[in-house]
Amino acid sequence: MSHLGSVACKVTNLKHLTQLHANLIQNSLHHHSYWVALLLTHCTRLHAPLAYTHLIFNSLPCPDGYVFTSMLRYYSQLGAHSEVVSLFKQMQYCGIRPAGTFVYPVLIKLAGEACIVFHAQVVKLGHFQDRYIRNAIMDMYAKYGPVKFARKLFDEMPERTLADWNSMISGYWKWGDEVEARRLFDVMPEWNIVTWTSMVTGYAKKGDLESARRYFDEMPEKSVVSWNAMLSGYAQNGFAEKALRLFDDMINAGVQPNETTWVTVISSLSLHGDPCLADSLVRTLDQKKIHLNCFVKTALLDMYAKCGNLETAHRIFDELGVYRNSITWNAMISAYTRVGDLTSARELFDKMPEKNVVSWNSLIAGYAQNGQSAMAIELFKDMTATKDLKPDEVTMVSVFSACGHLGALKLGNWVVNILNENHIKLSISGYNSLIFMYSRCGSVEDANRVFQEMETRDVVSYNTLIAGFATHGHGMEAIELMSKMKGEGIEPDRVTFIGVLTACSHAGLLEEGWKVFKSIQAPAVDHYACMIDLLGRVGELDEARKLIESMPIKPHAGVYGSLLNASRIHKRVELGELAASKLFELEPYNSGNYILLSNIYASAGRWEDVERVRGKMRKVGVKKTTGWSWVEYKGEIHKFIVGDRMHERSDDIYGLLSELGRKMRRNGYMADKSCVLRDVEEEEKEEMVGTHSEKLAICFALLVSEVGAVIRVVKNLRVCWDCHTAIKIISNLEGREIIVRDNNRFHHFSNGLCSCKDYW
């Protein structure tokens, strides 16, 4: 036995260990707990292979507390945390306690929010005075809450280590309590690098980069982690150039960057979007022979994608091969959606071995941001049908946007139900998206309700609701909201004034509009465009022309577009020609301008000029944009174009349209054929205007909706005069409120009247 003890003391490598093991087998001691525990201790010290260590542990049919403890130490040293928990449960099942307290800090950290179970157990076993256990429990309360429990433990400590102070400071930063974090820092008996770094990280995450930099500069000694904390602060708050300058300082200070540093710096370059800087960094990586792990390569992939070099990004993606993770896939999907290549993005998405919420969000946002709102909603439906996957706020913001662009209120309400069912909390940005959705879906009342329920609002909150009021023609409400905004200490910006002036225009509030316009210190060209539109609405076209001529800045297409539309409404041919000539220079391929001028000529009976304008369109290669109208029914979007007979209920739609036509004519309606080409037969003219997409959409809605229900229609172009007149009569005949959103504003038709007062 003594010679075995001598051999055991001389074990310095795995070969010695296997020799000792062989000696124990020869002496039939390999089933004794003492020797098995000793072998496992050596396995831990020498980092023995897992399979060999398992073999030793499993050689004992009934391990005692020392053997279990030795195996726990091995797992703990290996970082095999799940095995630590599993083995501890096995010990509990056998009624065996670990020899020593070292395992409890590991278990407490792994337990996370459930650490209260171990808190009670260590108190019961009398281990709570162990400083490592005590710190682990306090650290968990500081991370997961309630932080007051952590503070209670901290205050009750007879002696506090630096680790205790640091855990408490980090905890306060985690819960956003800057005051307590700073107070503890100020009363600490001493600080170390961890303490200083916690302060830098805390202020950086709070967005107070000035304070973060002050603490960073005051550090007596900095580690690479400290540098990374400050670099991340700049990068995550959008200060790419400052991050890059700090990185230069780090190199000049002789600090060796680690992989986290490189990922942070590369991410900063991604925000910067400068291909030259990106190439310069890659050369530096090559010169310094930096090992590029999958995280660094993924950051490089994202950087190249954001710099517009998708070819290199995809090459890195291919190089990663089996080392691709979800972050890599998501970065590549986002890269394709960013340039509008939704086909490639979808192909990658479908090939992903495992999708997480970011994967779904990337593609949903890609569809929403590239005008594919219906696809965004369909993908969201697929996401909600996926087990073990919940949408988050990012998902909801994209889907709210998609519903808003489609004007799909029922779908929007369904999405809100999903939000509530999953208990998703919205930030200010999320609530702003919800206000946008309701406004664009024609329910400004719901938009206002959401706004009023918000505890905190920012300038975007006000601007979004003001824009909603504007598109619905609620001028006074928009003006009052801007006053409230100022009363809450939020200064109106350029977008605010555009919204309020648009609201004044749609409501015909000339005096109030002038007052708002004159209150702007330096009106932008968009503000002038709104004012021209307002003057045009009230018939002050000569005043509008004078305002354009007096502008201190060059007018853009929006200015002349407002004048052209006003000329159409008020039949001012000469001003229409002036505005159109400017528009043909500024945006020669916008078909809407040609159509408006053509309609002005047609209304005046100047058919040769109509032909001339249409000939110019053909010469330039401009095609009239196809008019679409759509309505929502049973979670689907039903689209129609002029004369559309592709819908499954076309016969019913045209039957109802014919019936309504007879009723309308009995009520004095005559189709406005003034803008239809002269060489078309009268009967054909009536059919052309009579089967416009919005009329077909309304007839479909009348067929499928309940009696008295509000009908909501969205059109991608401006509603024509004939349809506007017809819808007013239909609203009266059918006793329905019909809400139509065209590309300019909302029209609320009810009892034979429209909210736009026949100006749009």
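Reader: Start with K355: what is its relative accessible area?
Author: K355 has a relative accessible area of 29% and is partly exposed. Buried means under 20% relative accessible area, exposed means over 50%, and partly exposed is in between (1.4 Å probe, protein chains only).

Reader: Before we go on, what should I know about the model and the numbering?
Author: This is a predicted model, with local features needing pLDDT of at least 70 and side-chain atom pairs counted only at pLDDT 80 or more, while totals for chains, interfaces and linings use all residues. Residues are numbered from 1 along each chain as its sequence is written, and side-chain values use heavy atoms, with hydrogens and water left out.

Reader: OK. Where is the place of K355?
Author: K355 sits in the loop between α22 (342-351) and α23 (357-369). Helices (H or I, at least four residues) and strands (E, at least two) are DSSP runs, numbered from the N terminus.

Reader: And what is K355 in contact with, leaving aside neighbours within four places in sequence?
Author: With neighbours within four places set aside, K355 contacts F349, D350 and W360. Contact means heavy atoms within 4.5 Å. K355 and N330 are 25 residues apart along the chain, and their C-alpha atoms are separated by 8.8 Å.

Reader: Another loop, then. Is I520 buried or exposed?
Author: I520 is buried, at a relative accessible area of 9%. I520 belongs to the loop between α32 (510-519) and α33.

Reader: What does I520 touch, not counting residues up to four places away in sequence?
Author: F497, L501 and H527. From I520 to F497 is 23 residues in sequence, and 7.9 Å in space, C-alpha to C-alpha.

Reader: Helix packing next. At what angle do α27 and α29 pack?
Author: Helix α27 (residues 428-440) and helix α29 (residues 459-471) pack at about 0 degrees, with axes 9 Å apart. Axes are lines fitted to C-alpha atoms, for helices over the stretch in contact, and angles run from 0 to 180 degrees between N-to-C directions. That makes α27 roughly parallel to α29. Angles under 35 degrees count as roughly parallel, over 145 as roughly antiparallel, 65 to 115 as roughly perpendicular, and the rest as oblique.

Reader: Which residues meet there, in α27 and in α29?
Author: I428, N432, I435, F436 and S439 in α27 meet V460, S461, T464, L465 and G468 in α29. The residues of this contact divide into 5 nonpolar, 5 polar and no charged. Ala, Val, Leu, Ile, Met, Phe, Trp, Tyr, Cys and Pro count as nonpolar, Asp, Glu, Lys and Arg as charged, and the others, Gly among them, as polar.

Reader: What does N432 touch, not counting residues up to four places away in sequence?
Author: N432 touches M454, D458, V460, S461 and T464. N432 is buried, with a relative accessible area of 6%.

Reader: And how do the axes of α18 and α19 cross?
Author: The axes of helix α18 (residues 275-287) and helix α19 (residues 294-306) cross at roughly 155 degrees and come within 11 Å. That makes α18 roughly antiparallel to α19. The contact is made by A278, D279, L281, V282 and L285 of α18 with L300, M303 and Y304 of α19. By class, this contact has 7 nonpolar, no polar and 1 charged residues.

Reader: Which residues touch the most other members of the largest nonpolar core?
Author: I266, M303 and F400, out of 169 residues. A nonpolar core is a set of buried Ala, Val, Leu, Ile, Met, Phe, Trp, Tyr and Cys residues joined through side-chain atoms within 4.5 Å. Helix α33 (residues 525-537) gives the largest share of this core, 8 residues. Apart from this core lies another, of 31 residues, among them F640, I698, V719 and I738.

Reader: What does I266 touch, leaving out residues up to four places away in sequence?
Author: L281, L285, V296, A299, L300 and M303.

Reader: Last topic, backbone: what is phi of K634?
Author: K634 has a positive phi of about 55 degrees, although it is not a glycine. K634 lies in the loop between β1 (629-633) and β2 (636-640), and counts as exposed at 69% relative accessibility.
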